[in-house]
Amino acid sequence: MKYISTRGGTAPLTFRETVMEGLARDGGLLLPERIPDVSDRLAAWRKLDYVPLACEVMSRFTDLPVPTLHGLVAGSYADFRHAEVTPLVRVGDRYILELFHGPTLAFKDVALQFLGRLFETVLAGTHGEMNILGATSGDTGSAAIHGVRGRRGIRIFILHPKGRVSPVQERQMTSVLDANVFNVAVEGTFDDCQRLVKTVFGDLAFRDRCRLGAVNSINWARVLAQVVYYFYAAFRAMDATGAARVRIAVPTGNFGDIFAGYVAVRMGLPVSRLVLATNENDILTRFFNEGVYSLGAVRATLSPSMDIQVASNFERYLYYAVGEDPARLKALMAAFAATGALRLDPGNESPMVAGSCDRRGTLATIRDLHDRHGYLVDPHTAVGVAVAGRFLDPAEPMICLATAHPAKFPDAIREALGRDLARHPLIEALNGLPTRCDTMPASAETLKTYVAARTAGAPHG
Ligand SMILES: *Cc1c(COP(=O)(O)O)cnc(C)c1O
């Protein structure tokens, strides 16, 4: 399988090259040159456990030897705290796919546990090294740190705004003491952190000298790892109900997770509706309902991992929406860059439907699931469950993706229920652990000196 850019300006890449590049050199996003149709495999795949299923799905897209891929996948999910990796549980008239049994209790572990091991394997083959630099407002940073801690050939530098990430998320990052992990608290906001990272990546000579890489959600391997659980969940819901098709609701921010679902549908998984759920930051909902993708200001909500304006993976979906035509895609992206808006008729062949849910709806959903079913959801999951309620059909089970464990967001749970009910032993265990973190002013020069001193980019002599 070769990979191409949505903007058509790169020579076809191998899977390994695609993983190491992240973003395409022409500014587009990388995609497989065609998505394989696996309809004739569904009956056989339905009998598989998570790890063998993941190997089947992923081997359609990778150039890794089968035993290597199997080792990566088995290792990635060995530490998940549930034997099924991503179990599907019934809650009232819906099914909840629990994606939060990994080390940081968020669905990002499913992809980043795999990506860390994949980087290590590819680097070992080329005797290379890689220094990951990123900024986080919470979830991604801790999942990335846990994905690469202790891995050979990789160092990771994660910036967070000092005193502005939740205490749980801060401790999940800074309690990782492996020698290849560098936590940096920046005296500034999350925007400052992002600006620093962008400035440092923009210095191409520095970037090459220090072998800088990223783990952001545009990496194809992250999408690929997420495709697997759409198959797993649909199979379990079909087993439980005998239904021939399912619906799946996805709390959405950067569009990485739901795009993985879209890939699964294009591979032939029988999903009649992909329900895109947003919080008050509803740029994507407006696109799917009104055909206009236009920027607004980011608002802070109870579900911070979905507080985005530009959804970094959306270009991948647009590429298919314009009939895989790089010229049309480029014209749309140019219009968006120039005016802050793009227009496209979403069409009616698409499985995508969308809705948003505000703060009141989120809290009411947490309360309702708890009071009626004794089941606790985090505020991101609650957004998905609430919007799913608008698209129910008795003949097709509705699967709602649970993207974080409620214990990661104790404030929202307390606000919804008036009590501290969200607990998890992994989070309690963080209290009192030793931590390591460096503090720095919001200066790109300081950051460069810091990174260079800890990588091969340090000046010699
Ligand atoms: C990242 C995240 C999301 C959004 O996922 P995208 O792939 O960015 O759409 C939803 N919920 C939680 C808990 C997350 O961490």
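## A walk through the fold

Searching the whole structure for disulfides (pairs of cysteine sulfur atoms within 2.5 Å) turns up 0 of them. Keep in mind that this is a predicted model, where local features need pLDDT of at least 70, side-chain atom pairs count only at pLDDT 80 or more, and totals for chains, interfaces and linings use all residues. Residues are numbered from 1 along each chain as its sequence is written, and side-chain values use heavy atoms, with hydrogens and water left out.

Cys 357 is buried, at a relative accessible area of 5%, where buried means under 20% (1.4 Å probe, protein chains only), exposed means over 50%, and partly exposed is in between. Cys 400 is buried as well, at 1% relative accessibility.

Now zoom out. Along the principal axes, the C-alpha atoms fill a box of roughly 70 × 55 × 50 Å. Buried residues make up 57% of the chain.

What about the charges? There are 50 positive and 47 negative side chains, and the centres of the two sets sit 1 Å apart. Lys and Arg count as positive, Asp and Glu as negative, while His and the chain ends are not counted; each charge is placed at NZ of Lys, CZ of Arg, CG of Asp or CD of Glu.

The chain has 19 helices and 15 strands, which are DSSP runs numbered from the N terminus (helices are H or I, at least four residues; strands are E, at least two). Of the contacts (heavy atoms within 4.5 Å) between residues at least 6 apart in sequence, 75% join residues at least 24 apart.

In α13 (residues 314–321), 7 of the 8 residues are buried, among them Glu 315, Arg 316 and Tyr 317. After α13 comes Gly 323, with a positive phi near 75°. In α7 (residues 167–174), the buried residues include Val 168, Gln 169 and Gln 172. The buried residues of α7 pack against α6 (139–148), β6 (154–161), β7 (181–187) and α18 (425–428).
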